[in-house]
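Thanks for coming, everyone. Please have a look at the sequence and the model before I start talking.

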Amino acid sequence: MSLLELVEYGQDPDSTIIAYGSSYFKAAEKLEEFLEGYGDYIFPIAMLSAFSVELYFKGLYTEVKEYYGEGENTGVKKFSEYSSDEFKENWQVKGSMLGKEIESLNKGNHDLLRLFENLEKTKPRVYNNLLEQYQKHLKRELLDDLKECKDIFKDGRYPYEKSSEQVSEGKSKKEKGDKVLENFNKIYHLAKFLYTDAKPYEN
């Protein structure tokens, strides 16, 4: 995703969350090149991929705003009120402002499914576009994969610990790392889709 595309999507060109997420995915991509010879990279790749997905979803909530005027003549102008040409000429527009929804989700929350599902009510066009494009590109259902991958960032940090959830009645608890290993390909290709093929604002 280019800088201009980020600007056109309503992101702050200087500190967009999606740009940060892209750097984590690029690191995961580099490690993935060596995966066949170095299996120990699986957990770092899964962690980097999951975190990049989290930042991508959180980045979709940002809105650029400009505060202008003095005294009684103050106001706020959103990016969406500018044309692309106006924005290019008015680089005073700055400051990614997070909405209340994402602020509450941001506090220690890494649940990828919850972050994505919240888009259904806040940005339904973006939500539906990603659902359709994911199915088209990967022949899989995005919601199904997110259900399996939603806690990878948490579980991948301490893969040797036991999960707090019973796998099923009468069975012992799984190690957190088992879930990460089972869904490694899903989370990696989900991140790759978001940063290479996804067009969330497509009409």
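This is a predicted model: local features need pLDDT of at least 70, side-chain atom pairs count only at pLDDT 80 or more; totals for chains, interfaces and linings use all residues.

The mean pLDDT of the chain is 75. Of its residues, 61% reach 70 or more. Where is confidence lowest, and where is it highest? The lowest is strand β3, residues 96-97, with a mean of 40. The highest is α9, at 97. Two stretches need care. Over residues 6-15, pLDDT stays under 50. The model has 34 contacts beyond four places in sequence for that stretch. Residues 82-101 also stay under 50. There the model has 42 such contacts.

Now the overall make-up. The chain has twelve helices and three strands. It has 203 residues, and 41% of them count as buried. The accessible surface is about 11,900 Å². Carbon and sulfur atoms hold 47% of that surface. Take the contacts with a separation of 6 or more: 69% of them join residues 24 or more positions apart.

Next, the core. The largest nonpolar core has 41 residues. Those with the most contacts inside it are Phe57, Leu60, Leu130, Ile187 and Leu194. Which elements give two or more residues to this core? They are α2, α3, α6, α8, α9, α10 and α12. The largest share comes from α3, with nine residues. Look at Phe57 in particular. Setting aside its neighbours within four places in sequence, Phe57 is in contact with Leu112, Leu115, Phe116, Leu130, Leu146 and Leu194.

Leu194 takes us to α12. In α12, the buried residues are Phe184, Ile187, Tyr188, Leu190, Ala191, Phe193, Leu194 and Tyr195. The helix has 13 residues, and at 1.5 Å a residue they should span 18 Å. Its end C-alpha atoms are 18 Å apart, which agrees.

Which residues of α8 are buried? Val126, Tyr127, Asn129, Leu130, Gln133 and Tyr134. Seen down the helix axis, the buried residues of α8 fall within an arc of 165°, so they line one face. What covers them? The cover includes α3, α6, α7, α9 and α12.

The face away from the buried side carries the exposed residues Glu132 and Lys136. Why does Glu132 count as exposed? Its relative accessible area is 55%, and the cut-off for exposed is over 50%. Ala198 is 66 residues away along the chain, yet the two C-alpha atoms are separated by 9.9 Å.

Last stop: Lys139, which follows α8. Lys139 lies in the loop between α8 and α9. Its phi is positive, about 55°, although Lys139 is not a glycine. Is Lys139 buried or exposed? Lys139 counts as exposed, at 64% relative accessibility.

To recap, α8 lines one face with its buried residues and carries Glu132 and Lys136 on the face turned away. And keep residues 82-101 in mind, where pLDDT stays under 50. That is my tour.

Technical notes
Residues are numbered from 1 along each chain as its sequence is written. Side-chain values use heavy atoms; hydrogens and water are left out. A nonpolar core is a set of buried Ala, Val, Leu, Ile, Met, Phe, Trp, Tyr and Cys residues joined through side-chain atoms within 4.5 Å. Buried means under 20% relative accessible area, exposed over 50%, partly exposed in between (1.4 Å probe, protein chains only). Helices (H or I, at least four residues) and strands (E, at least two) are DSSP runs, numbered from the N terminus. Contact means heavy atoms within 4.5 Å. The arc is that of the directions from the helix axis to the C-beta atoms. Accessible areas come from the Shrake-Rupley method with a 1.4 Å probe; for residues, only the protein chains shown count as cover. pLDDT is the predictor's confidence in each residue, from 0 to 100. The expected span of a helix is 1.5 Å times one less than its number of residues.
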